[in-house]
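Please have a look at the model first, then read on.

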Amino acid sequence: MAENKTDDVAEPAANWKPTAAAKSKATTFRWIALVLWIVAIAGEAVAIFWVLRQRVYVGEDGTLFRDPDTGLLEERGVTAQFPQWAFITLLVLLVVIAALSIIGSLLWKKANRLDPARKSDTVRFFVQNQLGAIIAIVAFLPLIILIFLNKDMDRGQKTTAGIVGIALAAIAAFIGIDFSPASVEQYTADQSAVIQLLGADEVVWVAGGSVYHVCDQVSDIQTGSEKLTGTTAEAIEAGKSRLTLKFASELRTCGLAVPENADEITEALRAIQDGQVDTLLPQPVWADPTDTPIVVEDAPAE
């Protein structure tokens, strides 16, 4: 890991940016997700405009009667029914729509981990992170309503199709929700902490972990897997979601200085990683000024 550098002055890591490879991968995931969602909505259209309109007539040799009020002839004894093949096709389409919606949502969430939105951009942040749930509602709600309004289905068909549709819609919407979305602000806070603690944007991780570390000697990464070193952006590209909150003990393990306010920094990072991105990230306080890895001046007041 980086050595202490007391004479270096660095520009603040004000804007975390994904690596070119991560951004490219995120774009690919998003395009695939969009295609899957378009196909899902197309399947909904097929179900609404073709399958639900299917009917067969029973008793077509009914008796003719004259309506005394209108003088018109009408055939009594003929009833319209929803055919069984159409009912089975409808159930299959519901499952296919759910599968496409869910796979698209999973890919979309992966893309958002690699290339997140800013939480300060409130509308975009919400739509980008919850688009999977929104698509699931769009792909199911009109179809479910029309199933219950269909006059040709018998009670058993309507109940079965309705319950299946509601259950699949709920599952697809739940999976589409991102309960802990990543943000540029969160990644920037982690990057800023790493630079101030180590003097450089350099962390370590292994394939099986979910976080990245500040020391390559800690037990958490002694798994036999290859230890990889790189920037925080490269760690995100590798699928590591955040900086470990056990950085203080890791610094001790590697024989590096630990700031006196390590607990305050930990709590601030925990809050930011939980979505409270307006939390102030404390500047590390060092007992010995010579332990300061890097000097970063406060920005001048505007």
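The second largest pocket holds about 190 Å³ of space. The model is predicted, so to speak of local features takes pLDDT of at least 70 and side-chain atom pairs count only at pLDDT 80 or more, while totals for chains, interfaces and linings use all residues. Residues are numbered from 1 along each chain as its sequence is written, and side-chain values use heavy atoms, leaving out hydrogens and water.

**The second largest pocket**

- On a 1 Å grid over the protein atoms alone, a pocket is an open set of points where a 1.4 Å probe fits, with protein on both sides within 12 Å along at least five of seven lines; lining residues have an atom within 4 Å of a point. Its volume is the space filled by probe spheres set on the points, which are joined across faces, edges and corners.
- Its lining includes Lys25, Phe29, Lys110, Arg113, Leu114 and Tyr187, along with the run Ile236, Glu237, Ala238, Gly239, Lys240 and Ser241.
- Two or more lining residues come from each of α1, α2 and α6 (232–237); helices are DSSP runs (H or I, at least four residues) numbered from the N terminus.
- The largest share is from α2, with 3 residues.
- By class, the lining has 5 nonpolar, 2 polar and 5 charged residues (Ala, Val, Leu, Ile, Met, Phe, Trp, Tyr, Cys and Pro count as nonpolar, Asp, Glu, Lys and Arg as charged, the others, Gly among them, as polar).

**α1 with α2**

- Helix α1 (residues 20–49) and helix α2 (residues 84–114) have axes that come within 8 Å and cross at roughly 160°. Axes are lines fitted to C-alpha atoms, for helices over the stretch in contact, with angles from 0 to 180 degrees between N-to-C directions.
- The two are therefore roughly antiparallel (an angle over 145 degrees).
- Their contact divides into 21 nonpolar, 5 polar and 4 charged residues.

**α2 with α3**

- α2 also packs with helix α3 (residues 122–149), at about 170° and with axes 8 Å apart, so this pair is roughly antiparallel too.
- In this contact (heavy atoms within 4.5 Å), α2 residues including Leu90, Ile97 and Trp108 face α3 residues including Leu131, Phe140 and Ile147.
- The contact residues are 11 nonpolar, 6 polar and no charged.

**α5 with α8**

- The axes of helix α5 (residues 184–198) and helix α8 (residues 262–273) come within 9 Å and cross at roughly 160°, so they are roughly antiparallel.
- Glu185, Gln186, Ala189, Asp190 and Ala193 of α5 meet Leu269, Ile272 and Gln273 of α8, a set of 4 nonpolar, 2 polar and 2 charged residues.

Definitions and conventions: Parallel < 35°, antiparallel > 145°, perpendicular 65-115°, else oblique.
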